[in-house]
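Here is a short briefing for a reader who is meeting this structure for the first time. The overall picture comes before the individual residues.

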Amino acid sequence: MSWSAGIAGALAATAVTFIIVALGSGIGLSFASPYGGPSVITTITIAAAVWLVMPETMGFATGGYLAGRLRSQAWRSP
């Protein structure tokens, strides 16, 4: 494995995850209300848990794809 490809993939995964989590935080805070009942809090908690899993998955997929595309080939076919 090429170290530069791995580091670039890790940085890309971190950037994608950060951007999507920040987007979700903005959307979530615009929908949240301190005057809602217990059912609203439960719904927002479940939505936040799902939203925190999704960016990690998308970030790992992006970082892995980028690292795979940037790697140096160990062999060349004739």
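Two residues count as being in contact when they have heavy atoms within 4.5 Å of each other. The model is a predicted one, and its secondary structure consists of two helices and zero strands.

**Overall dimensions**
- Taken along the principal axes, the box filled by the C-alpha atoms of the protein chain is roughly 65 × 15 × 15 Å.
- The radius of gyration of the protein chain is 18 Å, whereas a compact globule of 78 residues would have one near 12 Å.

**Surface and burial**
- The protein chain has an accessible surface of about 6,200 Å², and carbon and sulfur atoms contribute 74% of that surface.
- Of the 78 residues in the protein chain, 14% are buried.

**Thr17**
- Thr17 lies in helix H1, which covers residues 3–31.
- Because its relative accessible area is 12%, and buried means under 20%, Thr17 is classed as buried.
- Leaving aside residues up to four places away in sequence, Thr17 touches Pro55, Glu56 and Gly59.

**Gly6**
- Gly6 also belongs to helix H1, and with a relative accessible area of 22% Gly6 is partly exposed.
- Between Gly6 and Pro38 there are 44 Å in space, C-alpha to C-alpha, and the two are 32 residues apart in sequence.

Note on methods:
Residues numbered from 1 in each chain as written. Predicted model: local features only at pLDDT ≥ 70, side-chain atom pairs only at ≥ 80, totals over all residues. Heavy atoms only, no water. Helix = DSSP H or I, 4+ residues; strand = E, 2+ residues; numbered from the N terminus. Rg over C-alpha atoms; globule rule 2.2 N^0.38 Å. Buried < 20%, exposed > 50% of the residue type's maximum accessible area, 1.4 Å probe, protein only. Areas by Shrake-Rupley, 256 points an atom, 1.4 Å probe, with all protein chains shown as cover.
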